[in-house]
Amino acid sequence: MGDGAVGKTSLLKRFIENTFDPDYKGTIGVQFMTKKVELENQFVKLVIWDVAGQSRFTSYRHLYLKDADGVILVYDITRYPTFENLEKWVEDAVKYTEQDIQIAVLANKKDLSGNRNVTEEEGRLYSALREAVLFSETSAKTGENVEKAFLELAKNMIKVSRQNK
Ligand code: G3D
Ligand code: MG
């Protein structure tokens, strides 16, 4: 979740296919992707929903959130308002999920650090405040920290779902 053009779809593509397509055009409606990974000696299938941010898709977003075990909040380090809006997204996530949801915060477009408007410290502080399980600065473009972040979140989701059984 996160504002438009922060890189949500690009991060997913990087994680699933290890590609970056600069010509990709915005997300329409809802898409989902899956990936099988081995985590702690067990194969798990991650199902990741990419729901467009526009308000006309809000009801879909709420529908998919209902069963989510985790949510990735994304902002763009070059655009401060996308960071400020995280709070709006997190409220949605907490309100519409029925289980203990694990939150990851990704500060994307790390490769554009020269145009940075949000410091790493600010991002870290916010994540701690929101009790996110992880904060990471990522680049869908170079791939930096992307796989690591998805897998770390998945590990936490598995841990929590085991505890709740
Ligand atoms: P969204 O799904 O959150 O709406 P997209 O965002 O994945 O569609 O990405 C929006 C734009 O940001 C795209 O550029 C994409 O190429 C670019 N982008 C995504 N991640 C990164 C990144 O890590 N670094 C850089 N430099 N750019 C990134 P366009 O030009 O199509 O708007
Ligand atoms: Mg998108």
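**Entry 1: the model.** I'm working from a predicted model, not an experimental one.

**Entry 2: helix 2 and helix 4.** I looked up how these two helices pack. Two packed helices are described by the angle between their axes and the distance between the axes. Helix 2 covers residues 58–65 and helix 4 covers residues 86–96. I got an angle of about 50 degrees, with the axes 8 Å apart.

Next I checked who makes the contact. Helix 2 brings Arg-61, His-62 and Leu-65, while helix 4 brings Trp-89, Asp-92, Ala-93 and Tyr-96. I sorted these contact residues into four nonpolar, one polar and two charged.

**Entry 3: the cores.** In soluble globular proteins, nonpolar side chains tend to be buried together. Here I found that the largest nonpolar core has 24 residues. Leu-11, Phe-15, Leu-46, Ile-48, Ile-72 and Phe-150 have the most contacts inside that core. Helix 1, strands 1 to 4 and helix 6 each supply at least two of its residues. Which helix gives the largest share of this core? I found that helix 6 does, with seven residues.

Leaving out residues up to four places away in sequence, Ile-48 touches Leu-12, Phe-15, Ile-16, Gln-31, Phe-32, Met-33 and Phe-150.

Last, I noted a second, separate core of 20 residues, including Val-71, Tyr-75, Val-90 and Ala-93.

How values were computed:
Residues numbered from 1 in each chain as written. Chains lettered and ligands numbered in written order. Predicted model: local features only at pLDDT ≥ 70, side-chain atom pairs only at ≥ 80, totals over all residues. Heavy atoms only, no water. Axes fitted to C-alpha atoms, helices over the stretch in contact; angles between N-to-C directions. Helix = DSSP H or I, 4+ residues; strand = E, 2+ residues; numbered from the N terminus. Contact = heavy atoms within 4.5 Å. Nonpolar A, V, L, I, M, F, W, Y, C, P; charged D, E, K, R; others polar. Core = buried A, V, L, I, M, F, W, Y, C linked by side-chain atoms within 4.5 Å. Buried < 20%, exposed > 50% of the residue type's maximum accessible area, 1.4 Å probe, protein only.
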